[in-house]
Amino acid sequence: MEPKKIIYWILLLVFPICLNAQEKISIPTGLVSGQLTLAPSYMFQDRTGQFYAHGSLEVFLQPKVSFIGEGFYHLGSLGDKKTFDVNHNIFFGLGYHFTKGGHDLLLALQPGVSFTQLNEQENKLIQSHFGVNPVVAPTVGYTFYMSRFFHFFVQSKLVIGSHKYDVQKSLTEFRFSAGLGFNINTLK
Amino acid sequence: MLGLHSIWMKFCLLLFIGFTQTIGFGQEKLPRWFSLGARTTLSAFDHDGSGLGTGGQFRIQVNNRVNTDWFADYITINVNDKVRSDYYHIGWSVLFYPFEGLHYPKRFQPYILAGHCFDYNRKTAILDPSNSKDRWGSAAQAGIGTHFNLTERFDVSLTCQYMIHLTKEIEAEIDGNIVTISEQKSRHLEGHLLTTLSLNYKIFKLWNQKK
């Protein structure tokens with residue numbers, strides 16, 4: 001299919017939803033927003049892809065400020081190279097939102113910890129040890145609140161840190177998440 | 001060295017009491033907030049090298065010009081790919097705002113700060129985790145910073161402070177693949193430069209000042 005046709009069909013599908021959203025949807029204080037999705041990533045040092053189950057919970061403390069807690073459960077590597085057996089994360093932080101109607105652009109900085117363990121075979125180790133490493137993640141996201149209970153979201157995150165057990169390895173990677181989320185206004 | 005530690009603590013307390021007692025007359029009385037925040041710290045100019053940390057903090061504001069910062073950090077440093085140096089900090093700092101009237105809606109609110117903290121350091125050979133030593137100690141820190149007020153309740157703060165450890169340090173000597181970790185026989189003034197980026201939210205008012 002030609003690119004112009006693809007754009008036409010996307011606009012045709014999204015436009016009625018946008019119109020509906022502009023009439024009613026706003027992002028109030030007390031909105032609780034949750035997401036559960038799959039997140040692929042690209043790890044820069046090893047040039048490998050990883051896959052995560054990604055869950056997040058966000059509470060709007062003000063219309064422009066939210067508290068965000070996120071968890072990433074490492075599901076495995078893409079391809080044959082398997083540097084890490086375990087690379088789970090927890091992030092917590094605050095986000096600043098640029099909102100208009102149901103449209104929401106997020107900028108956030110999230111400190112966190114990474115729970116890691118190297119793959120023994122790939123790293124030529126007799127025994128690998130479980131480690132806890134500090135990480136930080138600048139985050140950019142866009143959310144479209146299409147109703148009082150549902151939203152679409154896309155999010156990208158740069159995770160910065162390093163594993164320092166058995167062999168030093170960079171944990172710096174780019175993660176991408178997208179999908180459907182749920183939201184509820186707890187103050188109404 | 002304990003004498004120096006004691007003098008620093010007394011200095012911080014005097015700074016705190018002095019500011020709370022003498023400053024604030026004739027100013028518009030602002031509400032006193034309790035804030036909660038998350039922080040990430042870059043440790044540099046350490047004899048171990050540089051590292052990244054994660055942590056949290058809460059703030060109790062005392063008056064228009066004085067705030068207090070209570071924090072916990074976990075910082076790890078990679079020493080030449082051979083040794084992992086883990087630091088745990090729990091402490092407090094007093095923030096003094098030298099310029100009046102720079103609270104929200106003004107964006108930048110600079111401050112100077114000084115404080116004290118307890119710190120725990122453990123050094124471990126990366127290839128041999130059984131080769132490890134740790135110590136408890138205390139430290140003093142001082143520096144400068146600024147809040148960037150994004151809303152009345154939300155700020156991003158950048159702080160740069162030097163932390164001096166008042167204790168016997170753990171030393172790692174690396175000779176090829178041989179790592180020797182030992183405790184120094186005497187105390188030395190060693191420390192690191194900590195640059196902290198934190199995001200803070202004012203959760204509730206502790207009390208309102210009478211005008």
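Q: What is the bridge partner of Asn121(B) in strand 6 of chain B?
A: The partner is Arg135(B). Keep in mind that this is a predicted model.

Q: How do you know that strand 5 and strand 6 of chain B pair?
A: Pairing needs at least two bridges between two strands. Strand 5 (residues 108–125) and strand 6 (residues 132–149) of chain B have 17 bridges. Therefore they count as paired. The sense is antiparallel.

Q: What do strand 5 and strand 6 of chain B form, and how many residues lie between them?
A: They form a hairpin, with 6 residues between them.

Q: What makes strand 6 and strand 7 of chain B a pair?
A: Again the cut-off is at least two bridges. Strand 6 and strand 7 (residues 154–165) of chain B share 11 bridges, so they pass. They run in the antiparallel sense. One of the facing positions is Gln141(B), opposite Met163(B) in strand 7. A hairpin of 4 residues joins these strands.

Q: How do you know that strand 1 and strand 10 of chain B pair?
A: Set the value against the cut-off of at least two bridges. Strand 1 (residues 32–46) and strand 10 (residues 190–207) of chain B have 13 bridges, so they are paired. Their sense is antiparallel. Phe34(B) stands opposite Phe204(B) in strand 10.

Q: Which strands of chain B make up the closed barrel?
A: The order is 1-2-3-4-5-6-7-10, which gives 8 strands with antiparallel pairing. Neighbouring strands of this sheet are turned by 25 degrees against each other on average, direction ignored.

Q: How many helices and strands does chain A have?
A: Chain A has 1 helix and 9 strands. Along the sequence the pattern is α-β-β-β-β-β-β-β-β-β.

Q: What share of chain A is called buried, and why?
A: The share is 36% of the 188 residues in chain A.

Q: Why are residues of chain A and chain B said to be in contact?
A: Contact means that C-beta atoms lie within 7 Å, so residues that meet this cut-off count. By that test, 24 residues of chain A are in contact with 23 residues of chain B. Elements of chain A that give two or more residues to this side include strand 2 (48–62) and strand 4 (84–100). The side of chain A that touches chain B has 13 nonpolar, 8 polar and 3 charged residues.

How values were computed: Residues are numbered from 1 along each chain as its sequence is written. Chains are lettered from A and ligands numbered from 1 in the order in which they are written. This is a predicted model: local features need pLDDT of at least 70, side-chain atom pairs count only at pLDDT 80 or more; totals for chains, interfaces and linings use all residues. Two residues are in contact if their C-beta atoms, placed from the backbone, lie within 7 Å. Ala, Val, Leu, Ile, Met, Phe, Trp, Tyr, Cys and Pro count as nonpolar, Asp, Glu, Lys and Arg as charged, and the others, Gly among them, as polar. A residue is buried if 20 or more other C-beta atoms lie within 10 Å of its own, exposed if 12 or fewer, and partly exposed in between; C-beta atoms are placed from the backbone. Axes are lines fitted to C-alpha atoms, for helices over the stretch in contact, and angles run from 0 to 180 degrees between N-to-C directions.
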